[in-house]
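Please look over the sequence and the model before reading on.

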Amino acid sequence: METSIVRKRVTDTINRAKHHAGERRLRADEAARAYAQFLDTVAVPLFHQVANVLKVGNYPFSVFTPSGSVRLMSDRNSEDFIEVSLDTSGEQPMVMGHSSRARGRRIVESERAVAELSVSALTEEHLLDYLMAELEPFVEK
């Protein structure tokens, strides 16, 4: 193959990759702004509400807000928690949920999208549905 053809294809690939990276950064920045607002106005208050209801039901959980996320953690075992954070590593930024449960010496972890929606389309109902699904193993006896 001629060198000029290879050079042109490599240059086109580099330019296309730079363009896609720029678009991805723009999407990530927009998602980070929307997520910060979602975290402050929806996620943190909802996590506090859930923690209060759990405490009344004799399931002691506390809410922590490490940078850029919110975590509902058991007061009995620090390995038991449900956390929500923004993941901008993929093509589309997603709000991801991460849960961890200790079962004896074993720790069971799972991570999944809170909803298959953009950050700006995520609602309180989506987050509550995710929380209830992830909370079930913690409260079953």
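## His 98 in strand S4

His 98 is placed in strand S4; strands (E, at least two residues) and helices (H or I, at least four) are DSSP runs, numbered from the N terminus. His 98 counts as buried because its relative accessibility is 18%. Here buried means under 20% relative accessible area, exposed means over 50%, and partly exposed lies in between (1.4 Å probe, protein chains only). Leaving aside neighbours within four places in sequence, His 98 is in contact with Phe 81, Ile 82, Glu 83, Glu 109, Ser 110, Glu 111 and Tyr 130, where contact means heavy atoms within 4.5 Å.

## Basis of the model

The model is predicted: local features need pLDDT of at least 70, side-chain atom pairs count only at pLDDT 80 or more, and totals for chains, interfaces and linings use all residues. Residues are numbered from 1 along each chain as its sequence is written, and side-chain values use heavy atoms, with hydrogens and water left out.

## Buried residues in the helices

Leu 46 belongs to helix H1 and counts as buried, because its relative accessibility is 6%. Apart from neighbours within four places in sequence, its contacts are Glu 124, Leu 127, Leu 128 and Leu 131. The C-alpha atom of Leu 46 is separated by 21 Å from that of Asn 77, a residue 31 positions apart from Leu 46 along the chain.

Helix H2 covers residues 124-139 and includes Phe 138. With a relative accessibility of 12%, Phe 138 is also classed as buried. Outside the four places on either side in sequence, Phe 138 is in contact with Tyr 59, Phe 61, Asp 80, Phe 81, Ile 82, Ser 100 and Arg 101. Phe 138 and Leu 54 are 84 residues apart along the chain, and their C-alpha atoms are separated by 10 Å.

Ser 74 lies in strand S2, which spans residues 69-74. Is Ser 74 buried or exposed? Its relative accessibility is 10%, so Ser 74 counts as buried. The side chain of Ser 74 reaches the backbone nitrogen of Arg 76 at 3.1 Å. Neighbours within four places aside, Ser 74 is in contact with Pro 60, Phe 61 and Asp 80.

Asn 58 sits in the loop between H1 and strand S1 (61-64). At 55% relative accessibility, Asn 58 counts as exposed. Its phi is near 65°, a positive value in a residue other than glycine. Most residues other than glycine have a negative phi.

## Salt bridges

How many salt bridges does a search of the whole structure find? The search finds 5, a salt bridge being a side-chain nitrogen of Lys or Arg within 4 Å of a carboxyl oxygen of Asp or Glu. Side chains of opposite charge can pair when their charged atoms come close.

Arg 24, Arg 27 and Glu 91 are linked in a network of salt bridges. Between Glu 91 and Arg 24, the closest N and O atoms are 3.4 Å apart. For Arg 27 and Glu 91, the closest N and O atoms are 2.9 Å apart. That pair also connects helix H1 to the loop between S3 and S4, at 64 residues apart. Glu 91 is partly exposed at 48% relative accessible area, as are Arg 24 at 29% and Arg 27 at 21%.

Arg 71 and Glu 83 form a salt bridge through their side chains (3.3 Å, N to O). Arg 71 lies in strand S2 and Glu 83 in strand S3, so the pair ties together parts that are 12 residues apart in sequence. Both Arg 71 and Glu 83 are buried.

## The largest pocket

The largest pocket is lined by Arg 27, Glu 30, Ala 31, Ala 34, Gln 92, Pro 93, Met 94, Leu 117, Ser 118, Val 119 and Ser 120. Helix H1 (residues 3-56) gives the most to this lining, with 4 residues. On a 1 Å grid over the protein atoms alone, a pocket is an open set of points where a 1.4 Å probe fits, with protein on both sides within 12 Å along at least five of seven lines; lining residues have an atom within 4 Å of a point.

How values were computed: A polar contact is a pair of N or O atoms within 3.5 Å; within protein, one must be able to donate a hydrogen and the other to accept it, and residues adjacent in sequence count only if both atoms are side-chain atoms.
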